[in-house]
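These notebook entries record what I looked up in one structure.

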Amino acid sequence: MRGIVKALDELVKAGDALIDTLTEEQKEMFEDYMNAQREINVLTDCETFIYSFCLAAKIMIDVLTEGHMREI
């Protein structure tokens, strides 16, 4: 957990330093970019969850049927 906190702190510091160098127009463009990136992250996270959930369900069925999942 400490690694995540440290990485997040570094990200925030770097982001703040970058934003301080931008013009107002560039800040707006950067904000648009960040919003699009957040949307992609949410969609990717959802797809990853769905895939992982389905894979886990298949593994559970395989375990419960002792490897005879194809017969179901």
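**Basis.** I worked from a predicted model, in which local features need pLDDT of at least 70, side-chain atom pairs count only at pLDDT 80 or more, and totals for chains, interfaces and linings use all residues. Residues are numbered from 1 along each chain as its sequence is written, and side-chain values use heavy atoms, with hydrogens and water left out.

**Salt bridges.** I took a salt bridge to be a side-chain nitrogen of Lys or Arg within 4 Å of a carboxyl oxygen of Asp or Glu. I found three salt bridges by this rule.

I noted that Lys13 pairs with Asp9, with the closest N and O atoms 3.3 Å apart. Both lie in helix H1, four residues apart, which is about one helical turn. For helices I used DSSP runs (H or I, at least four residues), numbered from the N terminus.

I then looked up Glu24, which forms a salt bridge with Lys27 at 3.5 Å between the closest N and O atoms. These two residues are three apart in helix H2, about one turn.

Lastly, I recorded the salt bridge of Arg38 and Glu31, at 3.9 Å from N to O.

**Exposure.** I called a residue buried under 20% relative accessible area, exposed over 50%, and partly exposed in between (1.4 Å probe, protein chains only). Lys13 is exposed at 54%, whereas Asp9 is partly exposed at 38%. Glu24 is exposed at 55%, and Lys27 is partly exposed at 29%.

**Helix H2.** I placed Ile59 in helix H2 and found this residue partly exposed, at 49% relative accessible area.
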